[in-house]
Amino acid sequence: MNKRKLLLAVSMAFIVAILVACSGGDSNNNDDNNNNNNNNNNESANYTEEEVTIEFMTISLSPTFDDYINGVIDKFEDENPGVTVKWIDEPIDQIEQVVLTQGASGDLPDVINLNTLYTKKLGGLDALVNLDKEASEYREDYFEGLWKSGEVNGNNYAFPWYVTTDATLYNPELLEKAGIDEVPRTFEEALEVSETILDKTGAYGFPLNITMEKLLPLYGVPIVSDDGTEAIINTDEAARVWTYLKEKYDDGIIPQEVVTGQAQVSELYAQEKVAFWYTGPQKFREVKDLSPEIYEKSDVAPAFITDKEIERAAIMNIVVPSGGENTDLAVEFGAFITNAENQLEFAKEANVLPSVIEAAEDEYFKVDESLTDPGEKGNNVAAQQLDIAIDTTIPTENASEITSVVREEFERVLLEDKDVQEALEDAEAAIEELLAELD
């Protein structure tokens, strides 16, 4: 196993665990790009007249990525004489309490690694620096949808950092048997060809293994408002989507055991019982563990999308609390650790994706015939979709409860023939009650 494949198998699993837990996803030219990035993103001030220390807090990156983080800090300190960056790493299960406790005492670190939920919560309280104002010169460096991951009421409070998103693993032999020449691009196209696949092969096509709180935002239907205060799931588009999916379920092309969570799609795929697996590329290797033969003959296509042409992403952010003594320097460090050079290096270390356009355009993420391993290819295919990626995180502390409401109402539509409009109204009412509990 080459070095990149080993990193992909180990580091990606580690990083994705962080993203999931916190969500409520080589060329000479590179040297030129890195030099340009340093010139653009690191117009560093000189702090030699007075020693300055800023604190930088991350989530569960130590000890796995000690060398990388310390290396970035060393570079920043070298470019800013007189500056010391003190790195603090907190475990996933303690980060909420740490932020709440330190926030209440007014003693938050100068720069913090946060998920989207807490970014939006603190941004909504005006507890973070508005980067649309204080870091506007960097905005165009990042993919637009990812820059907006920290947006509340039209203002962005975060530098997007590392990202994961999805791709589609598929079985070429099943598609050939069904007479399917091209991999579908949209969810609806995938469900349409699923009928043919089932008729010709006995296998399901796309088993609808994306839950509704993740799918509806891709149709332009957020579950709650951006500031987390209002349920907005009950829309005409949501009704259209659920009605369509109910029709497909009744046609027998969506397996009940997937809808109810009684079957793992990785297992069905490894048994050639489904043709498509829409998921994060880091999970593709589950198929390899179950059936190396099926894994080796699989191929990868871009993730399914909707007519809105957006893709979901899981994002980690860098934020700067407002009111600190060194906010300008903290913003500078936030821009530095998320610049193209440093993000590309971290992407290689952790097998994640960068939020900066220049880094994503590096040869490292090129998709070509040399990529024969589905997991490795999947990561690069996913990188090609970052320009349409958005963070669909439900921005409330009780996001898991809201998620349960949405999933349960949708299951009632499919399994119990509940009226779609009634289900959406009931979901809206239940979500409003949950949001009221936060007041």
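Here are a few questions and answers on a sheet and a pocket in this predicted model.

Q: Which strands stand at the edges of the open sheet of three strands, and why is one side of each left without a neighbour?
A: The sheet has the order β8-β7-β9, with antiparallel pairing. Each edge strand has a single partner strand, so one side of it is left without a neighbour in the sheet. The strands in question are β8 (276–279) and β9 (299–302).

Q: What is the bridge partner of T168 in β9?
A: Strand β7 covers residues 167–170 and runs antiparallel to β9. Four bridges join these two strands. In β9, T168 is partnered by A301.

Q: Which helix packs on the sheet, and what angle does its direction make with that of β9?
A: Let's look at what lies against β7 and β9. Both strands are touched by a helix spanning residues 374–383. This is helix α19, and its direction makes an angle with that of β9 of about 10 degrees.

Q: Which elements give two or more residues to the lining of the second largest pocket?
A: This pocket has a volume of about 410 Å³. Of its 22 lining residues, the closest to the centre are K120, P222, D226, D391 and T392. The elements that give two or more residues to the lining are α5 (116–124) and β12 (389–391).

Terms used: Residues numbered from 1 in each chain as written. Predicted model: local features only at pLDDT ≥ 70, side-chain atom pairs only at ≥ 80, totals over all residues. Heavy atoms only, no water. Pairing = 2+ DSSP bridges. Contact = heavy atoms within 4.5 Å. Axes fitted to C-alpha atoms, helices over the stretch in contact; angles between N-to-C directions. 1 Å grid on protein atoms, 1.4 Å probe; cavity = no way out; pocket = protein on both sides within 12 Å on 5 of 7 lines; lining within 4 Å. Points joined across faces, edges and corners; volume = space filled by probe spheres on them.
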